[in-house]
Amino acid sequence: MAEAGARPSGGAAGGARIRAGRGGGLAAWLAQERVFRLIPFVVVEAFFLLLLAVPFLLTLYISLLKWRANRPFEQAFFQGFDNYFDVLSDVEFWWALARTFYFAGVAVLLELLIGFLLAMLCAQEFKGRRLYITIFLVPMMVVPVVVGYNFSMIYIDSGPLNEVLAPVVQLFGGDPRIRWLSHPIAAQWAIIWADVWQWTSLTFLIFLSGFSALPPQLIRAARILGAGRWQIFWRVQLPLLKPVIVIAIVIRSMEALKIFDQSVLLTFGGPGNSTQTVAFYLWRQVWQFNKFGFGAAASIILLVMFSALIYYGIYLLVRERATLQREGG
Amino acid sequence: MARILLKDLVKQFGRVTAVSGVNLEIHDGEFLIMVGPSGCGKTTTLNMISGLETPTSGEVVIGDQVVNEIEPGERGLGMVFQDLALFPHMTVFENIAFGLRVKSVADEEVRRRVLQAANAMHIAPLLDKRPAQCSGGEAQRVALARTIITNPAVFLMDEPLSSLDAKLRLDMRTELKHLHERLKATFVYVTHDQAEAMTMADRIVVMRGGFIQQVGGPLDIYRRPANQFVAGFFGTPTMNFLQGKVETDGGRLRFRAKSIDFLLPAGAGPGSGREITLGVRAEHVLVGKGAQPGRVTLTEPLGDETLVFFDYGGDAPLVAKVSPELHLSSGEAVTFGLDEAGYHLFDGATGERLN
């Protein structure tokens with residue numbers, strides 16, 4: 001640091017000194033200030049190019065080809081934007097997209113509500129609080145495939161869920177063998193609940209940290225000024241938690257739009273196409289029907305659509321983070 | 001009526017006893033300051049008055065009513081916190097209005113009273129700002145305005161000036177005193193700063209380790225501290241303490257310590273042979289008058305007076321306040337004496353006052 005300060009225009013003068021003093025070799029060249037500071041950047045960019053840019057460009061290229069993977073690549077031919085028109089005019093694509101938004105919307109809403117309530121309870125002091133917190137955090141750490149298999153066992157017609165529900169269902173004269181995975185609407189809810197079970201942990205964690213970051217002095221001040229519990233909640237706690245709520249909504253929505261595992265493992269998109277999400281639709285077009293060009297075009301279209309959403313989400317995150325910093329300081 | 005009575009007040013946190021049986025009467029309209037080092041129980045006592053802490057045993061009486069079971073918001077108090085606790089998501093206006101909003105006061109009335117409180121605290125131009133946009137002094141006034149708007153009969157203040165810089169703190173002291181005179185309410189103020197207590201209080205309560213050490217007016221406490229702890233806590237520089245023994249010397253009592261001895265005034269409390277601590281404030285150490293020899297180790301000019309630290313052969317150097325005209329430098333030999341009127345005699349073991 002001291003040396004950098006001693007030669008303000010580091011580039012030319014310092015470079016010259018090193019050039020004069022070097023006995024040759026890469027190490028000396030890399031050690032120059034103007035080169036050294038670029039090293040992390042170059043490494044990150046290299047990974048970016050390799051892992052993101054190359055596959056992206058390939059996808060873009062394939063999306064312009066008429067190519068089915070069950071035929072040799074030599075028979076593929078360039079056909080312009082035909083794949084894009086095909087995707088956009090495929091009703092199934094739009095249905096899958098709508099279904100994805102429906103699943104994500106309902107699941108995220110439930111996760112927010114349940115996570116918020118649990119966090120509110122766990123923010124109080126009571127015996128065994130830590131144990132409950134640990135238990136509530138477990139689902140998030142379970143591998144999604146395992147969650148899928150567990151729920152497929154829970155949901156089978158003669159499975160534990162129906163066993164538990166049977167007395168209630170019979171009371172109303174219903175068939176106790178609810179077909180969780182083969183009735184179109186029940187199957188949709190089966191997937192939503194599996195997602196809620198796994199990801200409420202995350203919203204719980206986010207809200208719990210939000211609650212514990214609330215300055216206790218503000219609540220004390222509100223009590224002295226005569227506010228009751230509900231008034232403190234609505235007028236002080238909830239407004240102060242707004243940034244955290246936005247963060248939870250954005251993070252969970254981004255993830256939920258990619259919902260895939262549950263619909264593969266529980267229902268394989270069925271019955272019919274009633275649980276086919278857009279990610280699953282894409283996977284099926286490519287890996288079941290071998291429509292590589294079509295699949296590539298669909299994924300580019302989704303990328304564009306979701307990018308807009310994600311950028312809006314990131315804008316919200318940045319804005320709320322600024323609010324947090326301003327109000328915290 | 002805002003007389004406050006604390007009866008045998010005890011607060012325990014698990015095995016720790018923060019407040020051990022406090023009995024105190026706070027008069028209506030009084031500016032009472034509780035002072036003591038951190039962990040002495042002063043804030044816990046204040047929180048029990050406010051209702052934010054529930055006493056383990058004992059009673060808090062406000063007016064004629066035992067308020068132990070009454071919610072903080074219904075005790076008719078206002079409180080200013082150490083970190084002010086302004087609501088960061090509300091404008092200054094809404095912060096001040098909060099106490100009225102939760103009581104569903106009509107908008108018109110809220111507006112009128114907020115403006116009134118803001119004018120009283122000279123913060124009317126800030127009403128649309130957020131607390132984070134206010135300076136330290138402005139935020140302080142907002143917190144006060146938020147407190148006065150509900151017209152509480154009792155103001156509780158928990159080190160409200162500790163986050164301000166030195167200059168602003170002095171200004172705010174004056175302002176708080178004016179506020180007290182204007183409102184004629186009961187102020188209970190907690191601080192660890194003895195100078196703050198001396199300058200503002202009608203009465204001071206000195207606490208230590210959960211017990212009250214002394215209750216009295218600022219000058220009483222300064223002039224007749226009840227024990228060695230209080231004597232050492234009040235006054236800058238800290239009082240000089242000399243450990244020694246009382247001996248009889250031809251019908252009079254003599255205080256004998258390491259390389260120093262003095263005759264005690266006639267009628268001084270302790271009997272012969274007793275181990276005592278003699279306390280003398282810097283203004284009662286008379287440099288140049290007396291026969292004891294010493295050597296200057298350090299001088300601290302304060303402008304209107306100068307502090308002189310000198311070694312006389314005892315365990316710790318003595319400090320004296322001298323006129324700034326008296327130029328002394330380190331290493332210089334001096335003679336000194338002690339002013340009998342300024343003797344404070346404390347028991348060597350318990351620290352209790354003896355004279």
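1. A residue is taken as buried if 20 or more other C-beta atoms lie within 10 Å of its own, with C-beta atoms placed from the backbone. By that criterion, 39% of the 355 residues of chain B are buried. The model is a predicted one.

2. On the make-up of chain B: the chain holds 19 strands and eight helices. Along the principal axes, its C-alpha atoms occupy a box of roughly 80 × 45 × 35 Å. Among the contacts in chain B with a separation of 6 or more, 64% join residues 24 or more positions apart.

3. On the contact between the chains: chain A contributes 16 residues and chain B contributes 18 residues. On the side of chain A that touches chain B, at least two residues each come from helix 12 (216–224), helix 13 (229–256) and helix 16 (292–328). Helix 12 of chain A gives the most, with six residues. By type, the residues on this side of chain A are eight nonpolar, four polar and four charged.

4. Helix 12 of chain A deserves a separate look. Which of its residues are buried? They are L218(A), R220(A), A221(A), A222(A), R223(A) and I224(A). The cover over these buried residues comes from both chains: it includes helix 13 of chain A, and also helix 1 (42–50) and strand 6 (77–80) of chain B.

5. On the backbone beyond this helix: G226(A) follows helix 12 of chain A, and its phi is positive, near 100°.

Definitions and conventions: Residues numbered from 1 in each chain as written. Chains lettered and ligands numbered in written order. Predicted model: local features only at pLDDT ≥ 70, side-chain atom pairs only at ≥ 80, totals over all residues. Contact = placed C-beta atoms within 7 Å. Helix = DSSP H or I, 4+ residues; strand = E, 2+ residues; numbered from the N terminus. Nonpolar A, V, L, I, M, F, W, Y, C, P; charged D, E, K, R; others polar. Buried ≥ 20, exposed ≤ 12 C-beta atoms within 10 Å, placed from the backbone.
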